[in-house]
Amino acid sequence: MEQQNTTQQFPSEEVTLPSKGLLYPEGHPLRSGIIEMKYMTAKEEDILTNSNYINNGTVIDKLLKSLIVSPIDFNDLLIGDKNAVLVASRILGYGQEYSFMYKNPNTSEDEQVTVDLTEATDKELDESLIIEGRNEFSFTLPISKIQVTFKFLTHGDELKIANELKGLKKISKTTSAELTTRMKHLITSVGGDRDTSTIRQFVDGNFLARDARALRTYIAETMPDIDLTFDLQFDDGASAEGVTIPIGTSFFWPESGL
């Protein structure tokens, strides 16, 4: 008897990435600038309520990996592209309306507000700064006048940063090195020198605070991403502009109470 294929094909949608795929090398699965995602099922709701995933902070990543149909390496996803996938997964799973609590500026009391997630748009991408297929950009530090190059972080980079910070906390539980550690992974060269030890020595000893702030601002302004800021309206006519919506487990399943 011929064995039947019992694998059920779930409906899916294509999600356009904020990077348009331009920062991935030629031939990379993400170079198309599109990811195919399936609609959420009971399997994904099991992931959302898995206490182990919630406690170790991997629940959202586990969810997205389960929903992505395209044959990609999840670690290769740029953070801005991952954010777009995050929003798309919420819309596919629970619809476009997202309600959360926010403080009414008139009453200073928390009230429920609702936004339409389909109104979230990708940040405008300055393609003139991009060399296609290359995730690297130049910036001249305004105070020291040193030229550095940097990259936009991927999910894999974020994992490396998190692991390094865990190791540093074992050495010193009172010192936070998150900003400098992140810079060591962002910066790809200093004054033309790509040596990792040179970059780390520069960040630890010669990176002026005003230069670091300027670089962070430039990266935030140019990074391909989805804009998650909304103007909120309250029942009494009050409003709040440019509010970044909260993201957590309840973003996907508010009724869970998680």
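**View 1. Ser-108, a partly exposed residue in a loop.** With a relative accessible area of 48%, Ser-108 is partly exposed, and like everything in these views it belongs to a predicted model. Look for Ser-108 in the loop that runs between strand 3 (97–103) and strand 4 (110–116). What is the phi of Ser-108? It is positive, at about 60 degrees, although Ser-108 is not a glycine. For background, most residues other than glycine have a negative phi.

View 2. Is Lys-145 buried or exposed? Its relative accessibility is 59%, so Lys-145 counts as exposed, the cut-off being over 50%.

**View 3. Phe-252, a buried residue in helix 9.** Helix 9 covers residues 249–252, and Phe-252 is part of it. Phe-252 counts as buried because its relative accessibility is 0%. Which residues does Phe-252 touch, leaving aside neighbours within four places in sequence? They are Met-40, Leu-48, Ile-60, Leu-63, Leu-86, Ser-89, Arg-90 and Tyr-94. Take Arg-90 from that list: Arg-90 and Phe-252 are 162 residues apart along the chain, yet their C-alpha atoms are separated by 5.4 Å.

**View 4. Helix 3 packing against helix 4.** Helix 3 takes in residues 59–67, and helix 4 takes in residues 79–94. Their axes are 11 Å apart and meet at an angle of about 75 degrees, which makes helix 3 roughly perpendicular to helix 4. On the helix 3 side, the contact is made by Ile-60, Asp-61, Leu-64 and Leu-67; helix 4 brings Lys-82, Val-85, Leu-86 and Ser-89. Sorted by class, that's 5 nonpolar, 1 polar and 2 charged residues.

**View 5. Helix 6 packing against helix 7.** This pair is made up of helix 6 (residues 178–186) and helix 7 (residues 196–205), with axes 9 Å apart. How do the two helices run relative to each other? The angle is about 150 degrees, and helix 6 and helix 7 are therefore roughly antiparallel. Their crossing is right-handed. Thr-180, Met-183, Lys-184 and His-185 come from helix 6, and they meet Ile-199, Arg-200, Val-203 and Asp-204 of helix 7. The residues of this contact divide into 3 nonpolar, 2 polar and 3 charged.

Key
Residues numbered from 1 in each chain as written. Predicted model: local features only at pLDDT ≥ 70, side-chain atom pairs only at ≥ 80, totals over all residues. Heavy atoms only, no water. Helix = DSSP H or I, 4+ residues; strand = E, 2+ residues; numbered from the N terminus. Buried < 20%, exposed > 50% of the residue type's maximum accessible area, 1.4 Å probe, protein only. Contact = heavy atoms within 4.5 Å. Axes fitted to C-alpha atoms, helices over the stretch in contact; angles between N-to-C directions. Parallel < 35°, antiparallel > 145°, perpendicular 65-115°, else oblique. Left-handed = near helix turned anticlockwise from the far one by under 90°. Nonpolar A, V, L, I, M, F, W, Y, C, P; charged D, E, K, R; others polar.
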